[in-house]
Amino acid sequence: METVTMTLVQQPELYLECYSVTPDKFAGKSLAEIADLPAHEGKVVWKLGDFFSFSGKAGETAADTKIIVNGNVRKMKRFGQQMTDGEILINSDADMYVGCWMRGGKITVKGNADAFLGIGMEGGDILIEGDADNHVGSAYRGDWRGMSGGLIRVKGKAGNDIGTAMTGGTIIIEGDVFIHVLTHAEGGTVIIKGDVEGRVGGQLVKGDAYILGKLLYPMPGYKKIGTVEKECDGQTYTFDEYIGDLGERKEKKKGEIVWGHIYLKAN
């Protein structure tokens, strides 16, 4: 795999849309061609080379291309937008929309990520070594298609609206979460290793939420059906199993109702 290292040389005055920073866009290009790729700051169109210096070499394909981003890019958005393969490593915090509509490859953020991480994601892996803000793996505002595949792992805490309208894939938050997990979801798995304040599984059609910490305010549309042992992120735990949302539409498969599930780690 070939590597392109991009190093910040000038901060934007506002916020920079870095939608061109993907292995797909870099593959097969010279460093000069990469520096000419567009980036938006509001309505103003810049070039990546106006803010970054470049070294190394891109691969011939996205799969053969790794991008390393150095410098404080906290005011830069959309790294890895719609990428299909390859790798991106960001050595700082990043702003909104990291990995949005991503279909493959891997993104690692060494710091925190702002809101809308991995929205509409179809495949690939995202690792955030710090915290994430709201709307992890969710649908875009006004849309009903959330994350459908891939894996998002946040080593720290996250905000609210995790996995909204999710249909597949896995989200793992290793810290605490605020409210709204798997709202309107029709599939997928969310694992919260910390505590959740409440509103888990509102209008959930199907999908699974695992909570290893405390759920402060459970929703009324769920019914406990038993205690089970389940594997969760490589370890086996005993969970209290709840089905719901009891007020939401349900489908049948082989004569059995398909429920959403909340698994609360038993004391």
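These questions and answers walk through a few residues and strands of a predicted model.

Residues are numbered from 1 along each chain as its sequence is written. In this predicted model local features need pLDDT of at least 70 and side-chain atom pairs count only at pLDDT 80 or more, while totals for chains, interfaces and linings use all residues; side-chain values use heavy atoms, with hydrogens and water left out.

Student: Which strand holds His 180?
Tutor: Strands are DSSP runs of E with at least two residues, numbered from the N terminus. The run that covers residues 177-181 includes His 180, and it is strand 13.

Student: Is His 180 buried, partly exposed or exposed?
Tutor: Buried means under 20% relative accessible area, exposed means over 50%, and partly exposed lies in between, with a 1.4 Å probe and protein chains only. His 180 has 23% relative accessibility, so the residue counts as partly exposed.

Student: Which residues does His 180 touch, leaving out those up to four places away in sequence?
Tutor: Contact means heavy atoms within 4.5 Å. With residues up to four places away not counted, His 180 touches Asn 160, Asp 161, Ile 162, Gly 198 and Arg 199.

Student: How many bridges link strand 13 and strand 15?
Tutor: Two strands pair if DSSP finds at least two bridges between them. Ile 179 stands opposite Gly 198 in strand 15, and Val 181 stands opposite Val 200 in strand 15. Strand 13 and strand 15 (residues 196-200) pair in the parallel sense, and the number of bridges is three.

Student: Which residue in strand 17 is the bridge partner of Gly 198?
Tutor: Strand 15 and strand 17 (residues 215-217) run parallel and are joined by two bridges. In strand 17, the partner of Gly 198 is Tyr 217.

Student: What is the order of the strands in the open sheet?
Tutor: The sheet has three strands, and their pairing is parallel. Strand 13 and strand 17 are the edge strands, each pairing on one side only. The order is 13-15-17.

Student: Is Thr 65 buried or exposed?
Tutor: Thr 65 lies in strand 6 (residues 65-70). Not counting residues up to four places away in sequence, Thr 65 touches several residues, among them Met 1, Pro 23, Phe 26 and Gly 86. Its relative accessibility is 0%, so Thr 65 counts as buried.

Definitions and conventions:
Helix = DSSP H or I, 4+ residues; strand = E, 2+ residues; numbered from the N terminus.
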